[in-house]
Structures are given as structure tokens and as C-alpha cells.
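User: Please take me through this protein chain by question and answer, with the criteria behind each term.

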Amino acid sequence: MEKAIQRCGFVAVVVFVCFAAINQGYGAINSWGDVQPPDPSTWTSDTTAYIGKDANGGISVTEGDHIVAHEAYLGYNEDASGIVTIDGVGSSWNCYRGSLYVGGSGQGTLEISNGGSVSCWYGYIGNETDSTGEVSIDGAGSSWYCEYRLSIGYYGGGTLEIS
């Protein structure tokens with residue numbers, strides 16, 4: 001595992017690298033509440049996804065399944081919250097050539113566990129004023145890989161817990 005941290009105000013850069021085989025075809029993708037577009041299994045590298053845009057919503061990816069989006073917001077508006085759980089070896093989320101906002105203007109939560117992985121070009125935890133973003137990365141092989149930058153508490157409150 002390679003880890004690099006650079007501090008500049010409230011900005012930190014953290015890079016995690018994990019290699020895992022994706023076990024396609026045996027997974028599970030579940031969503032509830034305000035998820036736009038509504039079926040994450042149909043998202044593509046051109047999709048802008050909202051988990052909790054105008055109301056609360058969530059997604060869980062388990063059993064080696066994966067989702068893809070260009071850009072994604074968890075808790076887009078100030079009164080909304082979005083939660084995403086990526087759990088299990090091979091379970092993954094790729095924001096292809098885009099950004100992942102955990103706490104856009106509202107409350108965002110990202111949980112990566114038991115060998116799950118997330119990747120994006122840019123990651124923001126607590127992106128806007130008064131937003132709150134919380135990310136937990138737990139368990140061997142669990143990772144969040146940001147190609148260029150991970151900002152914690154960009155303008156809002158951000159928490160990153162690694163265990």
C-alpha cells in the first residue's frame with residue numbers, strides 16, 4: 001500500500017492502491033429512496049449520479065458486483081443525505097474520469113469494507129459550506145483510489161476513518 005499525504009489548509013491527498021479480482025455475475029446492487037438515475041446497474045461512464053439529491057437515498061453494492069458513473073454526489077442538496085456501501089471482495093464503484101462528492105451540499109456517507117474498492121479522479125469529502133461528508137474504509141483489501149486528489153473538508157466538514 002502506498003500512502004502520500006500533503007496538507008494545505010483543509011486539503012489532504014491520500015492514495016490507496018488495491019488489486020482485486022472482480023467476480024461478475026454473482027453480485028447484488030440495491031438502492032432505496034432518492035437515487036437518480038434510479039437503477040445504478042444501468043449507469044455508464046457518462047452518468048452523473050445523485051444519491052440523495054432532493055431527499056434521502058442510498059445504494060449498497062455487495063457480493064463482487066460493481067457500478068460505474070462519470071461523476072457522483074452523495075447528499076447533493078442541503079436537506080438531503082446519501083449513503084453508499086461497497087462491501088466485499090470484488091465489490092467496486094468507479095467514477096470514470098470524474099469526481100466523487102461525499103457531502104455535496106448535504107450529508108454524505110461512504111462505507112467501503114471487507115475488500116470493497118472505490119476509484120475516481122477527484123474525491124471530495126464535505127464539498128460545500130455546511131455540508132458534511134464521512135468516509136470509512138475498513139478491512140483488509142478495502143480501498144479508495146483517487147487518481148489526482150482527495151480533499152477532506154473542502155469547504156464543509158469532512159471525516160476519513162481508516163481501520
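Predicted model: local features only at pLDDT ≥ 70, side-chain atom pairs only at ≥ 80, totals over all residues.

Analyst: Residues are numbered from 1 along each chain as its sequence is written, and side-chain values use heavy atoms, with hydrogens and water left out.

User: How many helices and strands does the protein chain have?

Analyst: Helices (H or I, at least four residues) and strands (E, at least two) are DSSP runs, numbered from the N terminus. On this basis the protein chain has zero helices and 13 strands.

User: In the open sheet of six strands, which are the edge strands?

Analyst: The sheet has the order β1-β4-β7-β9-β11-β13, with mixed pairing; two strands pair if DSSP finds at least two bridges between them. An edge strand pairs on one side only, and here the edge strands are β1 (28–33) and β13 (157–162).

User: In which sense do β1 and strand β4 pair?

Analyst: Strands of a sheet pair through backbone hydrogen bonds, either parallel or antiparallel. Gly-33 stands opposite Gly-57 in β4. Over six bridges, β1 and β4 (residues 57–62) pair in a sense that is antiparallel.

User: Is Ser-99 buried or exposed?

Analyst: Ser-99 belongs to strand β8 (residues 92–102). Beyond its neighbours within four places in sequence, Ser-99 is in contact (heavy atoms within 4.5 Å) with His-70, Glu-71, Ala-72, Tyr-122 and Tyr-124. Buried means under 20% relative accessible area, exposed over 50%, and partly exposed in between (1.4 Å probe, protein chains only). Because its relative accessible area is 7%, Ser-99 is buried.

User: Why is the pair of Tyr-73 and Tyr-101 classed as it is?

Analyst: Rings of Phe, Tyr and Trp (its six-membered ring) pair if their centres lie within 6.5 Å; planes under 30 degrees apart count as stacked, over 60 as edge-to-face and the rest as tilted. The rings of Tyr-73 and Tyr-101 have centres 4.5 Å apart and planes at 5 degrees, so the pair is stacked.

User: Over which ring does the charged end of Lys-53 sit at 4.4 Å from the centre?

Analyst: A charge sits over a ring if NZ of Lys or CZ of Arg is within 6 Å of the ring centre and within 35 degrees of the ring normal. For the ring of Tyr-76, the charged end of Lys-53 is 5.8 Å from the centre. At 4.4 Å, the ring is that of Tyr-50.
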